[in-house]
Each structure stands twice: as C-alpha cells, then as structure tokens.
Amino acid sequence: MVFKFRLIGVAALLLAQMSLPVFANNLTATVVSVGDGDTIRVRAGNKTVTVRLACK
C-alpha cells in the first residue's frame, strides 16, 4: 500500500515538472579545468564559472 502511494507521488511530481516551461539559452564557453570528475571550470568571455554536473 505504501509503495502505491509513493508511486502516485512520484508520478504527480513528474507530471508537474513536465508542465513547467523550459527556457534555454545558447552559451559558448571554454573548459579551463576539470576538478574531480563532476566539477569543471569554464570561461565564457572574461568570466570564469565553476560548474558542478548533476546526475553522476
């Protein structure tokens, strides 16, 4: 019974997420360094940003 409620909850969250608008911008950057496998530093223009990748 608990599994059924969890499954319904997950389905509701996925449905809610899919209904949100998605905005994407094109960005060109150069990778400056790779940290520990899921962290990189990139340079876009004159700004350097640390990016941590998700879903490892």
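Does arginine 52 count as buried or exposed, and at what relative accessibility? At 60% relative accessibility, arginine 52 counts as exposed. I will come back to that residue, since its partner is a different case.

First, a caution. What you see above is a predicted model. The pLDDT averages 79 over the chain, and 75% of the residues score at least 70. Among the elements, helix α1, residues 2–18, has the lowest mean pLDDT, at 73, while β1 has the highest, at 90. As a general point, where pLDDT is low, the predicted coordinates should not be read in detail.

Now the overall layout. The chain holds one helix and three strands. Going along the sequence, the pattern is α-β-β-β. Of the chain's 56 residues, 7% count as buried. As for contacts between residues at least 6 apart in sequence, 0% of them join residues at least 24 apart.

Next, the sheet. The three strands make an open sheet in the order β1-β2-β3, and the pairing is antiparallel. β1, at 30–34, and β3, at 47–52, stand at the edges with a single partner strand each, so one side of each has no neighbour in the sheet. From one strand to the next, the twist averages 30°. In general, the strands of a sheet pair through backbone hydrogen bonds, and the pairing is either parallel or antiparallel.

Let us take the pairs one by one. Between β1 and β2, where β2 covers residues 39–44, there are four bridges in the antiparallel sense.

How many bridges join β2 to β3? There are six, and these two strands run antiparallel. One place to look is isoleucine 40, which has valine 51 in β3 as its bridge partner. The hairpin of β2 and β3 has two residues between the strands. Here glycine 45 takes a positive phi, near 70°.

That leaves the side chains, and the residue I opened with. How many salt bridges does a search of the whole structure find? The search finds one. In this salt bridge, the side chains of aspartate 38 and arginine 52 meet at 3.3 Å, N to O. Aspartate 38 lies in the loop between β1 and β2, and arginine 52 lies in strand β3, so the pair ties together parts that are 14 residues apart in sequence. The two side chains are also listed as making a polar contact, at 3.3 Å.

Is aspartate 38 buried or exposed? Aspartate 38 is buried, because its relative accessible area is 7% and the cut-off for buried is under 20%. Arginine 52, at 60%, counts as exposed, because the cut-off for exposed is over 50%.

To sum up: we have an α-β-β-β chain, an open antiparallel sheet of three strands, and one salt bridge in the whole structure. When you go back to the model, find aspartate 38 in the loop between β1 and β2, and then follow its side chain to that of arginine 52.

Technical notes
Residues numbered from 1 in each chain as written. Predicted model: local features only at pLDDT ≥ 70, side-chain atom pairs only at ≥ 80, totals over all residues. Heavy atoms only, no water. Pairing = 2+ DSSP bridges. Axes fitted to C-alpha atoms, helices over the stretch in contact; angles between N-to-C directions. Polar contact = N/O pair within 3.5 Å; in protein donor to acceptor, adjacent residues only side chain to side chain. pLDDT = per-residue confidence, 0-100. Salt bridge = Lys/Arg side-chain N within 4 Å of Asp/Glu carboxyl O. Buried < 20%, exposed > 50% of the residue type's maximum accessible area, 1.4 Å probe, protein only. Contact = heavy atoms within 4.5 Å.
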